[in-house]
Structures are given as C-alpha cells and as structure tokens.
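Subject: Structure handover and findings

Hello,

Please find the structure below, with the sequence. My notes on what turned up in it follow.

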Amino acid sequence: MILADAILLLVVGFVVLLFWQGRRQAEHARRYVEQYCKQHQLQFLDIAWQSGRPAKRARHIGWLSTYEFGFSSDGESRYAGRATLLNLRLVNVEVPPHRVPSI
C-alpha cells in the first residue's frame, strides 16, 4: 500500500510539473511574439498552443512547442504565424507574406 501511494504521489507531482512548465512556456511565447510584432510594426492579435513533443536540438534537450499567433499588418487583414520554443528559448518565428502598409 505504501509503495502504491508513493508512485501515485510521484505521478501527480510529475503532471503538476508538466502543467507548470507548460504555463511558463506559454507566457514566454507570448512575450517573444509580442516583442517580435512590435519590432516589425505588426499588430499582435492572439496566440494559441498548437503542439508539443520531447525534442533534441543541438546540445539542448527539452520540450519543443509550437504556437500559432494572429497578427495584422494594416489593421484590416489577419495573418497567422508560428513560433517554436524549446523549453523557454525561442527557436524560430515564421510569418507568411503579408501586406506592408504604405507610409
């Protein structure tokens, strides 16, 4: 009975740890994307988690997540970009071709 309780406690702890890490990663993704949009003079609209999996990139091992974000370049059109994070590090930001407003 004691071993079963210990295993259950470890499983619950692991699930809580995964949830906590996922929330931290989502907050970092939002900050990175908002900063990207600001640097490229785009209007940030929203962000949503798309997928995640364990991965190894170069020397880093961790959780690779993809987030889809909405942005607008002219205030009328909506575009969808992708941001990829490995743990809390930004790996890549992809945006489709979009209209650049004339100044």
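A salt bridge here is a side-chain nitrogen of Lys or Arg within 4 Å of a carboxyl oxygen of Asp or Glu. This is a predicted model, in which local features need pLDDT of at least 70 and side-chain atom pairs count only at pLDDT 80 or more, while totals for chains, interfaces and linings use all residues. Residues are numbered from 1 along each chain as its sequence is written, and side-chain values use heavy atoms, with hydrogens and water left out.

Overall layout

The protein chain contains 1 helix and 4 strands (DSSP runs numbered from the N terminus, with H or I of at least four residues for helices and E of at least two for strands). In sequence order the pattern is α-β-β-β-β. The chain is more spread out than a compact globule, because its radius of gyration is 18 Å, well over the 13 Å that the globule rule gives for 103 residues. That radius is taken over C-alpha atoms, and the rule is 2.2 Å times the number of residues to the power 0.38. The C-alpha trace spans about 70 × 30 × 15 Å along its principal axes.

Of the 103 residues, 27% are buried. Buried means under 20% relative accessible area, exposed means over 50%, and partly exposed is in between (1.4 Å probe, protein chains only). The accessible surface of the chain comes to about 7,600 Å², and carbon and sulfur atoms hold 60% of it (Shrake-Rupley method with a 1.4 Å probe; for residues, only the protein chains shown count as cover). Among contacts with a separation of 6 or more, 42% are between residues 24 or more positions apart; contact means heavy atoms within 4.5 Å.

The chain carries 13 positive and 8 negative charges, and their mean positions are 9 Å apart. Lys and Arg count as positive and Asp and Glu as negative, with His and the chain ends not counted. Each charge is placed at NZ of Lys, CZ of Arg, CG of Asp or CD of Glu.

Salt bridges

A search of the whole structure gives 3 salt bridges.

Arg30 pairs with Glu34, with 3.2 Å between the closest N and O atoms. Both residues are in helix H1 (residues 2-39), 4 residues apart, which is about one turn of the helix. Arg30 is partly exposed at a relative accessible area of 38%, and Glu34 is partly exposed at 32%.

Arg78 forms a salt bridge with Asp46, where the closest N and O atoms are 2.9 Å apart. Arg78 is in the loop between strand E2 (60-72) and strand E3 (79-86) and Asp46 is in strand E1 (residues 43-57), so the pair ties together parts that are 32 residues apart in sequence. Arg78 is exposed, with a relative accessible area of 52%, whereas Asp46 is partly exposed at 31%.

Asp74 forms a salt bridge with Arg99, the closest N and O atoms being 2.9 Å apart. This pair links distant parts of the chain, 25 residues apart: Asp74 is in the loop between E2 and E3, and Arg99 is in the segment after strand E4 (89-94). Both ends are partly exposed, Asp74 with a relative accessible area of 22% and Arg99 with 46%.

Ser77 sits in the loop between E2 and E3 and counts as buried at 18% relative accessibility. Leaving out residues up to four places away in sequence, Ser77 touches Phe71, Ser72 and Arg99.

Which residues other than glycine have a positive phi of about 55 degrees? Ala58 is one of them. Ala58 is in the loop between E1 and E2 and is exposed, with a relative accessible area of 66%. Asn87 also is not a glycine and has a positive phi, near 55 degrees. Asn87 lies in the loop between E3 and E4 and is partly exposed at 27%.

Leu86 belongs to strand E3 and is buried, at 6% relative accessibility. Its contacts, not counting residues up to four places away in sequence, are Gln25, Ala55, Arg57, His60, Gly62, Trp63, Leu64 and Val91. Leu86 and Lys56 are 30 residues apart in sequence, with 8.6 Å from C-alpha to C-alpha.

Regards
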